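Keep the viewer open as you read.

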Amino acid sequence: MLKLTAFIASIPLIIGVNAANAAILGADAAACQKGGQKPAILVHVEGLKNRSGTLRVQAYDADQKVYFEKGKYLTRVETPLPQEGNIDVCLTVPKAGDYTVLVRHKNGDTDREDGGGFSGNPSMSLMDVALKHKPPLKASTITVGNGVLDIKIIMKYVQGLSFKPIASLDDKKNSEGTR
């Protein structure tokens, strides 16, 4: 009975659930648990338009020649979006150093419905998106040490003639209350 109790207690660690009851997504989820000693990035994704589609999170070397280039990523997690809870994705990296992270929410049949975000949360215009410009390397570079680096990426979507975060419900309530 004691072995069964110990096993049941360890299930959250096995499947990557942290203390806040949110699953850490990715094959290397265990590397991002509290106290992780290997170079890794725990990406907290915020501002999703909805929970449909898939999420792709990729880490790149912070090198002018390869960052955000198709097929040049170091590590990648692609997963269906969970219907509830925080979206936390673990990416391990080969060593301590400078990296960039790209998140894409494949949300529909056309790219116009998709969302995206970058480490550092740099501003980007709709023209940048249309012309497939990358954000500046300096603005999107993060430095990972010999442990887990927590970063937050705020998703942006095409809205009219802009590429920006989706307004939160609180923002909508506040704007309605001031009319």
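Begin where strand E3 (residues 54-61) lies antiparallel to strand E4 (residues 75-80), the two being paired through six bridges. Strands here are DSSP runs of at least two residues, labelled E and numbered from the N terminus, and two of them pair if DSSP finds at least two bridges between them. Within this pairing, valine 57 faces valine 77 of E4. E3 also runs antiparallel to E6, with eight bridges joining them; there, aspartate 61 sits opposite tyrosine 99 in E6.

A word on the model: it is predicted, so local features need pLDDT of at least 70 and side-chain atom pairs count only at pLDDT 80 or more, while totals for chains, interfaces and linings use all residues. Numbering starts from 1 along each chain as its sequence is written, and side-chain values use heavy atoms, leaving out hydrogens and water.

Now follow E6 (residues 97-106) to threonine 100.

Next come the nonpolar cores, sets of buried Ala, Val, Leu, Ile, Met, Phe, Trp, Tyr and Cys residues joined through side-chain atoms within 4.5 Å. The largest has 23 residues, and Val101 and Val103 are among those with the most contacts inside it. Elements giving two or more residues to this core include E3, E6 and strand E9 (148-154). A second, separate core of eight residues includes Phe68 and Phe118.

Terms used. Helices (H or I, at least four residues) and strands (E, at least two) are DSSP runs, numbered from the N terminus. Buried means under 20% relative accessible area, exposed over 50%, partly exposed in between (1.4 Å probe, protein chains only).
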